[in-house]
Amino acid sequence: FQPAPPADSVTDFRVQSYDGKPALTWWQGHVTAGVGAGEDVIENTSYQPVAVVKAANGLSADLHEFELTPQNTALITAYYPVYWNASSVHGSKHEIVLDAVVQEIDIPTGLVLFQWDSLDHVALSASYERVPKLGNGHPFDYFHANSIQEDDDGDIIISARNTWSAYKVSHRTGAVIWELGGKHSSFKTGAGASFAFQHDVRVRATDDRFVTIFDDGSGPPAVHTQSRGVKLILDLN
């Protein structure tokens, strides 16, 4: 038993592999408006600290994903509030928008090896989230990255809760290779395979043939999908 630091929350507690050995990993920190500001922790099978992973470039690690890779790097989420022109979605020209950030961190050194910013690649109009009412103090969380995976070809799979989409992103250029779901899907899904507010998008076969998704299906706004609250297995071929 190990108490969390005072006033901290703990999420994403699980077993992963680090340096070829099993390890316990989790995120701990503060949660505000559905996003976190904290750090990621790795302990060995004797419950001894191995490493603490922090976000780079002045950001704080978010609670949604802490995924270790075979290269002893960590894929993490983070958020960066910026002033952005949201007039295209009936917002202010100086709207506070959350830029969803994905970073790959070299665990031994803490150096950032890769960074992807949603605002550089996905337009605000892709979101199903409404612009917050003026004066309520909440930023526009248009993207909301909630899972990351390194694909077997080295590219990155990112789930965005508020665009109802998963994206395959080039690890070399950051460009979006394909989009699954949402308003601009690269694939046509069959009856009953629609999803919304999804989590835990994972590619399960080479050439991205099979993808599993947990269809959260919760709002707001309220949505109705036949697969709500279950895991979908999608054949992309």
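1. Two strands are taken to pair if DSSP finds at least two bridges between them. The model under discussion is predicted. On that criterion, four strands form an open sheet in the order E9-E10-E11-E12, with antiparallel pairing. Its edge strands are E9 (145-150) and E12 (176-181), each of which pairs on one side only. From one strand to the next, the twist averages 20°.

2. Within this sheet, E9 and strand E10 (residues 156-160) are joined in the antiparallel sense over five bridges.

3. Seven of its nine residues are buried, so strand E3 is largely enclosed by the rest of the structure.

4. Strand E2 (residues 21-32) pairs with E3 in the antiparallel sense over nine bridges. Thr25 has Ile42 of E3 as its bridge partner. The two strands, E2 and E3, form a hairpin with two residues between them, and Ala33 in the turn has a positive phi of about 55°.

5. E3 also runs antiparallel to strand E4 (residues 49-53), to which four bridges join it. Here the bridge partner of Glu43 is Pro49 in E4. E3 and E4 likewise form a hairpin, with five residues between them; Tyr47 in that turn has a positive phi of about 65°.

Definitions and conventions: Residues numbered from 1 in each chain as written. Predicted model: local features only at pLDDT ≥ 70, side-chain atom pairs only at ≥ 80, totals over all residues. Heavy atoms only, no water. Axes fitted to C-alpha atoms, helices over the stretch in contact; angles between N-to-C directions. Buried < 20%, exposed > 50% of the residue type's maximum accessible area, 1.4 Å probe, protein only.
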